[in-house]
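Dear colleague,

I am passing on to you the structure shown below, together with a short account of what was found in it. Please read the account with the structure open beside you.

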Amino acid sequence: RGIREAIGALKPWADRNPGLKPIHQKLRTTFAHLDGYLSLFTPFHRRLQQQTTTFSGDDLHRYLTNLFKARLAEHEIELSQSDAFRARQITGYPSTFYPAFVNLVDNACFWLQGQRPPRRVELDAHGEALLVRDNGPGVARRDRERIFEAGFSRKPGGRGLGLRISRDVLGREGWTLAYEDAPGGGAQFAMTPKGNGP
(Lines give C-alpha, C1' and ligand atoms only; values in the text may rest on other atoms or scores of the structure.)
Protein backbone atom coordinates (compact mmCIF):
# COMPACT_ATOMS: atom_id res chain seq x y z
CA ARG A 1 0.00 0.00 0.00
CA GLY A 2 2.86 2.36 0.86
CA ILE A 3 4.53 1.82 -2.53
CA ARG A 4 1.22 2.28 -4.34
CA GLU A 5 0.59 5.58 -2.49
CA ALA A 6 4.14 6.82 -3.18
CA ILE A 7 3.78 6.09 -6.90
CA GLY A 8 0.48 7.99 -6.89
CA ALA A 9 2.08 10.95 -5.10
CA LEU A 10 4.87 11.00 -7.70
CA LYS A 11 2.44 11.37 -10.61
CA PRO A 12 1.92 15.19 -10.39
CA TRP A 13 5.71 15.67 -10.44
CA ALA A 14 6.05 13.31 -13.39
CA ASP A 15 3.32 15.19 -15.27
CA ARG A 16 5.28 18.47 -14.89
CA ASN A 17 8.74 17.01 -15.57
CA PRO A 18 9.18 15.22 -18.92
CA GLY A 19 12.37 13.52 -17.71
CA LEU A 20 10.56 12.01 -14.74
CA LYS A 21 7.54 10.79 -16.69
CA PRO A 22 9.11 7.60 -18.17
CA ILE A 23 10.57 6.70 -14.77
CA HIS A 24 7.15 7.06 -13.13
CA GLN A 25 5.52 5.04 -15.89
CA LYS A 26 8.08 2.24 -15.52
CA LEU A 27 7.67 2.19 -11.74
CA ARG A 28 3.87 2.07 -12.07
CA THR A 29 3.92 -0.72 -14.67
CA THR A 30 6.51 -2.81 -12.84
CA PHE A 31 4.70 -2.45 -9.53
CA ALA A 32 1.37 -3.43 -11.12
CA HIS A 33 3.05 -6.62 -12.40
CA LEU A 34 4.57 -7.37 -8.99
CA ASP A 35 1.28 -6.64 -7.21
CA GLY A 36 -0.56 -9.02 -9.51
CA TYR A 37 2.04 -11.73 -8.98
CA LEU A 38 2.01 -11.39 -5.19
CA SER A 39 -1.79 -11.64 -5.15
CA LEU A 40 -1.37 -15.24 -6.34
CA PHE A 41 0.04 -16.06 -2.90
CA THR A 42 -3.02 -14.85 -0.96
CA PRO A 43 -4.41 -18.40 -0.56
CA PHE A 44 -1.21 -19.38 1.28
CA HIS A 45 -1.99 -17.07 4.21
CA ARG A 46 -4.23 -18.95 6.61
CA ARG A 47 -4.60 -15.91 8.85
CA LEU A 48 -6.50 -14.19 6.03
CA GLN A 49 -9.01 -17.04 5.95
CA GLN A 50 -9.98 -18.05 9.50
CA GLN A 51 -12.89 -20.19 8.33
CA THR A 52 -13.02 -22.97 5.83
CA THR A 53 -14.28 -22.08 2.39
CA THR A 54 -15.50 -24.02 -0.62
CA PHE A 55 -13.57 -23.77 -3.88
CA SER A 56 -13.69 -25.79 -7.06
CA GLY A 57 -11.19 -27.84 -8.96
CA ASP A 58 -11.57 -25.27 -11.71
CA ASP A 59 -10.46 -22.53 -9.27
CA LEU A 60 -7.33 -24.55 -8.48
CA HIS A 61 -6.59 -25.20 -12.16
CA ARG A 62 -6.94 -21.51 -13.02
CA TYR A 63 -4.67 -20.53 -10.13
CA LEU A 64 -1.98 -23.05 -11.08
CA THR A 65 -2.16 -22.08 -14.75
CA ASN A 66 -1.56 -18.42 -13.85
CA LEU A 67 1.22 -19.21 -11.39
CA PHE A 68 3.14 -21.55 -13.71
CA LYS A 69 2.28 -19.84 -17.02
CA ALA A 70 5.85 -18.88 -17.97
CA ARG A 71 7.36 -22.18 -16.90
CA LEU A 72 4.72 -24.26 -18.69
CA ALA A 73 5.33 -22.28 -21.88
CA GLU A 74 9.13 -22.48 -21.58
CA HIS A 75 9.17 -26.27 -21.25
CA GLU A 76 6.13 -26.93 -23.47
CA ILE A 77 4.16 -28.59 -20.68
CA GLU A 78 0.38 -28.90 -20.87
CA LEU A 79 -1.47 -28.49 -17.56
CA SER A 80 -4.98 -29.90 -17.99
CA GLN A 81 -7.92 -30.86 -15.82
CA SER A 82 -10.52 -33.59 -16.22
CA ASP A 83 -14.23 -32.84 -16.13
CA ALA A 84 -14.39 -34.60 -12.75
CA PHE A 85 -11.69 -32.32 -11.32
CA ARG A 86 -13.24 -29.19 -12.83
CA ALA A 87 -16.58 -29.90 -11.16
CA ARG A 88 -15.15 -31.04 -7.82
CA GLN A 89 -16.04 -28.89 -4.82
CA ILE A 90 -13.48 -28.85 -2.00
CA THR A 91 -14.22 -27.49 1.45
CA GLY A 92 -11.22 -26.54 3.55
CA TYR A 93 -8.53 -23.93 4.03
CA PRO A 94 -6.99 -22.69 0.75
CA SER A 95 -3.73 -22.39 2.73
CA THR A 96 -3.77 -26.18 3.12
CA PHE A 97 -4.62 -27.26 -0.41
CA TYR A 98 -3.13 -24.62 -2.70
CA PRO A 99 0.50 -25.01 -1.50
CA ALA A 100 0.21 -28.81 -1.75
CA PHE A 101 -0.91 -28.54 -5.38
CA VAL A 102 1.81 -25.96 -6.10
CA ASN A 103 4.44 -28.35 -4.73
CA LEU A 104 3.16 -31.30 -6.78
CA VAL A 105 2.91 -29.33 -10.03
CA ASP A 106 6.33 -27.75 -9.40
CA ASN A 107 7.88 -31.21 -8.94
CA ALA A 108 6.12 -32.53 -12.06
CA CYS A 109 7.44 -29.62 -14.14
CA PHE A 110 10.98 -30.22 -12.90
CA TRP A 111 10.98 -33.91 -13.83
CA LEU A 112 9.17 -33.34 -17.12
CA GLN A 113 11.59 -30.75 -18.50
CA GLY A 114 14.10 -33.46 -19.35
CA GLN A 115 11.51 -35.67 -21.07
CA ARG A 116 10.65 -35.75 -24.75
CA PRO A 117 7.34 -34.12 -25.75
CA PRO A 118 4.49 -34.33 -25.25
CA ARG A 119 4.85 -33.29 -21.61
CA ARG A 120 1.65 -33.36 -19.58
CA VAL A 121 0.43 -32.69 -16.05
CA GLU A 122 -3.20 -33.58 -15.40
CA LEU A 123 -5.45 -32.73 -12.46
CA ASP A 124 -8.10 -35.39 -11.93
CA ALA A 125 -10.60 -36.61 -9.35
CA HIS A 126 -11.65 -40.19 -8.72
CA GLY A 127 -14.06 -41.01 -5.93
CA GLU A 128 -12.99 -38.83 -3.02
CA ALA A 129 -9.39 -38.54 -4.21
CA LEU A 130 -7.80 -35.51 -5.88
CA LEU A 131 -5.07 -36.61 -8.28
CA VAL A 132 -2.03 -34.92 -9.80
CA ARG A 133 -0.36 -37.04 -12.49
CA ASP A 134 2.29 -36.52 -15.11
CA ASN A 135 3.81 -38.53 -17.93
CA GLY A 136 7.36 -38.11 -16.69
CA PRO A 137 9.83 -40.72 -15.43
CA GLY A 138 7.87 -41.56 -12.27
CA VAL A 139 9.42 -42.43 -8.91
CA ALA A 140 11.73 -45.42 -8.50
CA ARG A 141 10.17 -48.20 -6.40
CA ARG A 142 12.91 -47.89 -3.75
CA ASP A 143 12.08 -44.18 -3.26
CA ARG A 144 8.29 -44.30 -3.05
CA GLU A 145 8.07 -43.85 0.72
CA ARG A 146 11.40 -42.08 1.13
CA ILE A 147 10.16 -39.11 -0.94
CA PHE A 148 8.02 -38.15 2.06
CA GLU A 149 10.99 -38.13 4.44
CA ALA A 150 12.39 -34.75 5.47
CA GLY A 151 15.71 -34.13 3.72
CA PHE A 152 15.32 -36.76 0.99
CA SER A 153 15.43 -35.48 -2.58
CA ARG A 154 16.67 -36.66 -5.96
CA LYS A 155 16.60 -33.09 -7.28
CA PRO A 156 20.03 -31.51 -7.62
CA GLY A 157 20.16 -29.03 -4.74
CA GLY A 158 16.72 -30.11 -3.50
CA ARG A 159 16.00 -29.76 0.22
CA GLY A 160 13.51 -32.61 0.42
CA LEU A 161 10.89 -30.71 2.40
CA GLY A 162 8.00 -30.03 0.02
CA LEU A 163 6.33 -33.45 0.01
CA ARG A 164 6.90 -33.95 3.75
CA ILE A 165 5.36 -30.58 4.61
CA SER A 166 2.46 -31.13 2.19
CA ARG A 167 1.70 -34.55 3.72
CA ASP A 168 1.90 -33.18 7.29
CA VAL A 169 -0.30 -30.15 6.58
CA LEU A 170 -2.90 -32.22 4.73
CA GLY A 171 -2.78 -34.78 7.55
CA ARG A 172 -3.72 -32.14 10.10
CA GLU A 173 -6.83 -31.42 8.03
CA GLY A 174 -7.79 -35.09 7.79
CA TRP A 175 -6.31 -35.89 4.37
CA THR A 176 -3.61 -38.29 3.20
CA LEU A 177 -1.04 -37.79 0.44
CA ALA A 178 0.29 -40.90 -1.29
CA TYR A 179 2.27 -41.84 -4.37
CA GLU A 180 0.81 -44.23 -6.96
CA ASP A 181 1.79 -45.39 -10.42
CA ALA A 182 0.12 -43.28 -13.08
CA PRO A 183 -1.87 -45.21 -15.68
CA GLY A 184 0.35 -45.47 -18.74
CA GLY A 185 3.50 -44.52 -16.80
CA GLY A 186 4.65 -41.48 -14.90
CA ALA A 187 3.98 -40.21 -11.39
CA GLN A 188 0.61 -39.82 -9.68
CA PHE A 189 -0.08 -38.33 -6.27
CA ALA A 190 -3.43 -38.81 -4.56
CA MET A 191 -4.89 -36.55 -1.87
CA THR A 192 -7.65 -38.45 -0.12
CA PRO A 193 -9.80 -37.79 2.96
CA LYS A 194 -8.71 -40.23 5.68
CA GLY A 195 -10.82 -43.35 5.68
CA ASN A 196 -11.50 -43.13 1.93
CA GLY A 197 -9.67 -44.61 -1.03
CA PRO A 198 -9.41 -43.40 -4.64
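**Arg88 and its surroundings**

Apart from its neighbours within four places in sequence, Arg88 is in contact with Phe55, Ser56, Gly57, Ala125, Gly127, Glu128, Ala129, Leu130 and Trp175. Please keep in mind throughout that this is a predicted model. Arg88 lies in the loop between α5 (83-87) and β3 (89-92). Is this arginine, Arg88, buried or exposed? Its relative accessibility is 14%, and because buried means under 20%, Arg88 counts as buried.

Arg71 belongs to helix α4, which covers residues 69-74. With a relative accessible area of 22%, Arg71 is partly exposed. Setting aside its neighbours within four places in sequence, Arg71 is in contact with Asp106, Cys109 and Phe110. Phe110 is 39 residues from Arg71 along the chain, and the C-alpha atoms of the two are separated by 9.7 Å.

**The nonpolar core**

The largest nonpolar core has 38 residues. Which of them have the most contacts inside this core? They are Leu64, Phe101, Phe189 and Met191. The largest share comes from α6, with 10 residues.

Beyond its neighbours within four places in sequence, Leu64 is in contact with Leu79, Phe101, Val102, Val105 and Leu123.

**How α6 and α7 meet**

The axes of α6 and α7 come within 10 Å and cross at roughly 155°. Angles over 145 degrees count as roughly antiparallel, and α6 and α7 are therefore roughly antiparallel to each other. Their crossing is left-handed. On the α6 side, the residues that meet α7 are Thr96, Phe97, Ala100, Asn103, Leu104 and Asn107; on the α7 side, Gly162, Leu163, Ser166, Val169 and Leu170 meet α6. How many residues of this contact are nonpolar, polar and charged? The contact of α6 with α7 comprises 6 nonpolar residues, 5 polar residues and no charged residues.

With kind regards

Definitions and conventions:
Residues numbered from 1 in each chain as written. Predicted model: local features only at pLDDT ≥ 70, side-chain atom pairs only at ≥ 80, totals over all residues. Heavy atoms only, no water. Core = buried A, V, L, I, M, F, W, Y, C linked by side-chain atoms within 4.5 Å. Buried < 20%, exposed > 50% of the residue type's maximum accessible area, 1.4 Å probe, protein only. Helix = DSSP H or I, 4+ residues; strand = E, 2+ residues; numbered from the N terminus. Contact = heavy atoms within 4.5 Å. Axes fitted to C-alpha atoms, helices over the stretch in contact; angles between N-to-C directions. Parallel < 35°, antiparallel > 145°, perpendicular 65-115°, else oblique. Left-handed = near helix turned anticlockwise from the far one by under 90°. Nonpolar A, V, L, I, M, F, W, Y, C, P; charged D, E, K, R; others polar.
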